[in-house]
Amino acid sequence: MRGNDYAKKDGHTHTKWSHHGSNQSLEEYIERAIALGFDEYTVSEHAPLPLDFLKNSIGPIDDSAMHWEELNDYQAEVTRLKKKYAAKINIKQGFEIDYIADYEPQIRAFLRDNSDWIDEIVLSVHFMKNRAGQLYGIDYSPELLAEGFKLELANPQELFQRYYATLAQSVEFITGLPQNINIRIGHMTLIRKYQKYFDLPDFDHKIYSTIRDILEMLHNRHYQLDFNAAGISKPYNGEPYPSLDIAKAAHEMGITLVYGSDAHQVQDVGQHFDIIQQAMQSFDKIVHDEQA
């Protein structure tokens, strides 16, 4: 995604199978994307969570992802619509994959079993360990974040460092997939979703250094970065994931940024695309001016 020189793509979207969005049909999402002039559309529903994790997790997770018994229906519907609308829009088959520490073998097995079907992956961290080694969701609610990370929230830089250490682990983890599968790191500043609620400070220089290291990892692996607009509408956030300074740094390193609406209802498809597009155009202008 570079200025005007790219296909109009929504690279991060969901369906009724997320269980934390609307019950609208996937076809309605596709029709909305076509009406908005999108050329490409990635369906990236949350993949089923590892069964052992479902048994042992803390907090509400029944509405966090697709259920295992729904997997075949999801894949069949995405495949059907990909064929039906092939002349109007390029639909990419995919999943949002949760990286969950200690459950890597089950996640690898899922990816291996479904690699022939997958076009793209959005790799995300929604769960991470607290100081006590317990896995908690980080974006379900501010109350759950406070419950799971009370000690870390007393020193927010520790919370940030724990998140980015987990994110780095996720990048190291996702290896061995066929080269034709695009891998995109999802909403890499999600840990700031409730920044206004908790009055979180900016990242300190150590966190920015860690983020820079992660961007280098993405660049070296030719992974993409989700430029996720959903955070702009979140009442306790108000900015995209990642924030513009990090997105600019990624762009300057040559990492491909892909707009994502993170739509969980039809009306969210394409949300804030103009803001993301304007940011990308400004990045390109800076590069052009520096080269002139």
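Lys 92 is partly exposed, with a relative accessible area of 22%, where partly exposed is the range between buried, under 20% relative accessible area, and exposed, over 50% (1.4 Å probe, protein chains only). The model is predicted, so that local features need pLDDT of at least 70 and side-chain atom pairs count only at pLDDT 80 or more, while totals for chains, interfaces and linings use all residues. Residues are numbered from 1 along each chain as its sequence is written, and side-chain values use heavy atoms, with hydrogens and water left out.

**Lys 92 and its surroundings**

- Lys 92 belongs to strand 3; helices (H or I, at least four residues) and strands (E, at least two) are DSSP runs, numbered from the N terminus.
- Leaving out residues up to four places away in sequence, Lys 92 touches Glu 40, Tyr 41, Thr 42, Val 43, Asp 119 and Glu 120, a contact being heavy atoms within 4.5 Å.
- From Lys 92 to Thr 42 the separation is 50 residues in sequence, and 4.5 Å in space from C-alpha to C-alpha.

**The largest nonpolar core**

- The largest nonpolar core has 90 residues, of which Phe 95, Tyr 164, Met 188 and Leu 215 touch the most other members, and helix 7 (residues 156-173) gives the most to this core, with eight residues.
- Such a core is a set of buried Ala, Val, Leu, Ile, Met, Phe, Trp, Tyr and Cys residues joined through side-chain atoms within 4.5 Å.
- Not counting residues up to four places away in sequence, Tyr 164 touches Met 188, Thr 189, Ile 191, Phe 203, Ile 207, Thr 210, Ile 211 and Ile 214.
- Ile 214 lies in helix 9 (residues 205-221) and counts as buried because its relative accessibility is 1%.
- Apart from its neighbours within four places in sequence, Ile 214 is in contact with Tyr 164, Leu 167, Ala 168 and Met 188; Ile 214 and Tyr 164 are 50 residues apart in sequence, with 8.2 Å between their C-alpha atoms.

- Glu 172, in helix 7, is partly exposed, with a relative accessible area of 46%, and it touches Met 217 and Arg 221 when residues up to four places away in sequence are not counted.
- Between the C-alpha atoms of Glu 172 and Ser 44, which are 128 residues apart along the chain, there are 21 Å.
- His 251 is placed in helix 11 (residues 244-252) and counts as buried because its relative accessibility is 4%.
- The side chains of His 251 and Asp 284 make a polar contact (3.0 Å), that is, a pair of N or O atoms within 3.5 Å where, within protein, one must be able to donate a hydrogen and the other to accept it, and where residues adjacent in sequence count only if both atoms are side-chain atoms.

**Cavity**

- There is one cavity of 30 Å³ or more, a cavity being a set of points, on a 1 Å grid over the protein atoms alone, where a 1.4 Å probe fits but cannot get out, with lining residues having an atom within 4 Å of a point.
- The largest cavity holds about 80 Å³ of space, and its lining consists of Ala 47, Pro 48, Leu 49, Pro 50, Trp 68, Ile 97, Asp 98, Gln 106, Ile 107 and Phe 110.
- Strand 3 (90-98) and helix 4 (104-114) are the elements that give two or more residues to this lining, and helix 4 gives the most, with three residues.

Conventions
1 Å grid on protein atoms, 1.4 Å probe; cavity = no way out; pocket = protein on both sides within 12 Å on 5 of 7 lines; lining within 4 Å. Points joined across faces, edges and corners; volume = space filled by probe spheres on them.
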